[in-house]
Structure formats: C-alpha cells, structure tokens
Amino acid sequence: MKNKGTEEVSLLIIDWYREHKRSLPWRDTCDPYKIWVSEIILQQTRVAQGLDYYLRFIGRFPTVAALAAAEDDEVMRLWQGLGYYSRARNLHKAARMVAAGGGCFPQSYAGVRALPGIGDYTAAAICSMAYGMPYAVVDGNVYRVLARCFGIGEPIDTAQGKKYFSALASELLPAGCPGLYNQAIMDFGALQCVPQSPDCGSCPLEAKCVACAERRVEEFPVKARRQRVADVYLHYIYVRVGDAVCLRRRVSELPGGKKKPGLFSPSIWQGLYELPLVVAEQPLAPEEFLGSEDFGRFFPSDAERQSASVSLLRREVLHRLSHRVLHLNFYSVQLPPDSLSFPGFLRVPHSELPAYPVPRPIAALWKELGL
Ligand code: SF4
C-alpha cells in the first residue's frame with residue numbers, strides 16, 4: 001500500500017494545528033504521567049468536560065507516587081461522573097505497579113504498553129509526546145480523517161481494516177516531530193473534520209480530500225457491523241433503616257459465583273457504591289416489580305415486607321451508556337431501625353452518603369433529596 005501525498009497531508013495538518021491549537025495543560029508538558037492521565041480522561045470524554053477532571057485529578061495526585069498511595073474510594077470519587085470506571089481502576093493499579101517497580105515511569109513503548117489499561121493508542125500517545133518516539137496514534141478521529149482524505153472504503157472495525165489504517169497512520173508520521181503530529185491530527189479530527197457536516201470549505205485538505213471531491217463525506221469511515229444498543233431496566237431501592245441508607249459496593253463477581261453477567265455486567269460502575277438493585281430485561285410496572293420474587297428476596301420476613309412503607313420516587317429516568325440504554329426506576333422503602341431486611345448491605349448514615357463514590361444517576365438522586 002502506498003497512498004499519494006501523505007507527506008504533504010501531514011504538513012498541512014501540522015500547519016493547521018499551529019494556527020488552531022487549543023491551549024491545554026497537558027499540551028505543554030513532557031511528563032509521561034500527566035500525558036497518560038489526560039489521555040485516559042479524554043477517551044470518550046469531551047475536552048471541555050475532561051479539563052476540570054484533569055485539573056482536579058492532577059491537583060490531588062500530582063505524581064504517579066501520589067496516585068499510587070491513594071485510597072481506592074478517593075480515586076473513584078474524583079472520577080465520579082466521568083463514566084468508564086474501569087479506566088480509573090486501571091490507572092490506579094498501573095500507578096501502584098510503577099511505584100512498586102521503583103517509581104520511574106517506563107521509558108520504552110513495550111514497558112508503557114504493558115501497564116494495565118494502556119492500549120496501542122495510549123502507548124503511542126505517551127511515547128510520541130513524552131519521549132518523541134515514532135508511534136502513530138489511531139483513534140476514532142484519525143480513522144475519520146484518513147478514511148475521508150484518502151477515500152478508504154476498508155471497514156475500521158475489522159482486523160484487516162485496523163491493520164490498514166495503522167500502516168497508513170505510520171506512513172503519515174513525520175520523523176522529526178511525531179508527538180506534534182499526533183496532537184495535530186487528533187485536534188484536526190475533533191475540531192475540523194468533525195463527524196457530522198464538516199466545514200470542508202475552510203479545510204486545508206479540501207483540494208486533496210477524496211471524500212470531499214466525490215461528495216461522499218458522510219459515507220466515511222466505513223463500518224462492517226452496527227453495534228446493538230440494548231435496553232435494560234434497573235429498579236433501584238432507596239432503603240432507609242432508621243436514619244441509615246442501604247448501600248453496597250459493586251464488585252466484579254456476581255453474587256453466588258454466577259458466571260453469566262446478563263445485560264448489566266458487574267463491570268459497569270464496578271467499584272462505585274449503589275443502592276439495592278433489581279435488573280430486568282423487560283419493563284416492569286410498579287405493581288409487577290413490588291410483587292416480584294426479586295424484590296421479595298430482600299426481605300427474609302414476609303411480615304416485614306408487608307409492613308414496609310414503599311413508594312415510587314422517580315420513574316423511567318433514562319441514562320445512556322455506550323451500548324446500553326438504562327431505564328431507571330427509583331423506589332423508596334422505610335424500615336424500622338432494628339430491621340433485618342436487605343442483609344449484606346452497608347448501613348450508611350444519611351449525612352455521610354456524599355463521601356461515597358456513586359454512579360451519576362444515583363448522584364442525581366442525592367441532589368434531588370437535598371444531599
Ligand atoms: S475536506 Fe472535509 S472531509 Fe475532507 S478532511 Fe477536510 S473537513 Fe474532512
């Protein structure tokens with residue numbers, strides 16, 4: 001494979017970047033730790049939202065040693081609201097591995113790539129920006145720019161397509177400034193060659209761009225498969241036992257060692273705290289849910305179930321994840337202080353709830369309840 005004009009395309013993208021570069025704190029550093037944190041935060045997150053998180057995170061953990069020494073809950077609390085919590089867990093785990101190995105961040109591509117949560121993209125970003133190594137980043141922005149500019153019909157979600165784009169991205173990488181070029185193409189994709197209706201008239205690649213010349217911009221990049229987005233129905237129960245609230249940490253293991261995770265895998269929001277939960281694959285009306293076996297399991301005693309004061313707090317709150325649409329219902333249950341129902345849950349004093357990292361829909365409930 002040899003695509004015409006790759007060198008010229010790289011130079012045009014770098015020139016564009018010099019003019020349009022966004023001033024961001026991780027741009028002016030060669031500290032691999034800070035570049036790493038910024039890259040992990042910015043995966044699937046807009047810069048405007050990620051910036052605050054980055055500043056808070058680096059403010060609290062300015063070095064890999066500081067992050068390694070932190071408690072799990074504090075890391076998760078600083079991450080709360082960003083989503084994709086496995087990224088925070090891996091960041092923390094990797095920081096501990098670096099600290100255990102003497103505290104020096106790995107200085108080879110293989111060493112960086114071997115850390116948990118660091119894939120090809122992040123390793124290339126860190127190594128090119130921190131160390132000037134010749135590794136090209138390939139993410140959604142890069143796929144889009146290259147597919148459009150060179151008119152590539154190879155699907156981006158097949159092994160063959162990934163290999164093709166990776167080779168093309170490496171071909172575009174200028175020898176003297178790989179870090180600068182990588183940042184340039186990421187910004188170019190984020191700001192100029194945007195997914196919907198890019199302004200091709202103002203684009204420095206317009207004269208070279210195959211998709212633009214053929215008026216097929218919206219057709220690129222090509223995907224082989226459409227990902228299925230499934231609906232999941234979550235019934236959260238806000239249980240007051242006297243003044244305490246029942247809470248539990250989501251762990252990767254299913255209760256009873258069950259293997260099949262179903263549509264709401266424990267890895268989603270793992271490490272955060274949540275209310276007692278019933279997951280369903282079909283919508284359940286309140287009377288169906290309250291009469292269900294799943295709800296009944298929280299009450300070892302039928303008498304207590306019958307005497308509990310139950311009400312519906314919020315109905316059909318929608319929350320979107322990448323491959324799931326969550327439909328959330330929140331119920332309230334009030335129990336006497338000596339209740340034995342909801343065994344296995346922490347009983348957290350109401351005033352201490354804000355200290356626990358929770359998923360965004362539960363944080364929204366806390367806000368509504370005045371916490
Ligand atoms: S001309 Fe349009 S489609 Fe082509 S690279 Fe520029 S913005 Fe993207």
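Trainee: What percentage of the 371 residues of the protein chain count as buried?

Mentor: This is a predicted model, where local features need pLDDT of at least 70, side-chain atom pairs count only at pLDDT 80 or more, and totals for chains, interfaces and linings use all residues. Residues are numbered from 1 along each chain as its sequence is written. A residue is buried if 20 or more other C-beta atoms, placed from the backbone, lie within 10 Å of its own. By that count, the buried part of the protein chain is 35%.

Trainee: Which helix gives the most to the shell around the ligand?

Mentor: Helices are DSSP runs of H or I with at least four residues, numbered from the N terminus. Helix H9 (140–150) and helix H12 (210–213) each supply at least two residues of the shell. The most, 3 residues, come from H9.

Trainee: How many residues of the shell around the ligand are nonpolar?

Mentor: Ala, Val, Leu, Ile, Met, Phe, Trp, Tyr, Cys and Pro count as nonpolar, Asp, Glu, Lys and Arg as charged, and the others, Gly among them, as polar. The shell has 2 charged residues and 1 polar residue, and its nonpolar residues number 11.

Trainee: Which residue of S7 is the bridge partner of leucine 247?

Mentor: Strands are DSSP runs of E with at least two residues, and two strands pair if DSSP finds at least two bridges between them. S2 and strand S7 (residues 346–349) pair in the antiparallel sense over 4 bridges. In S7, the partner of leucine 247 is leucine 346.

Methods: Buried ≥ 20, exposed ≤ 12 C-beta atoms within 10 Å, placed from the backbone.
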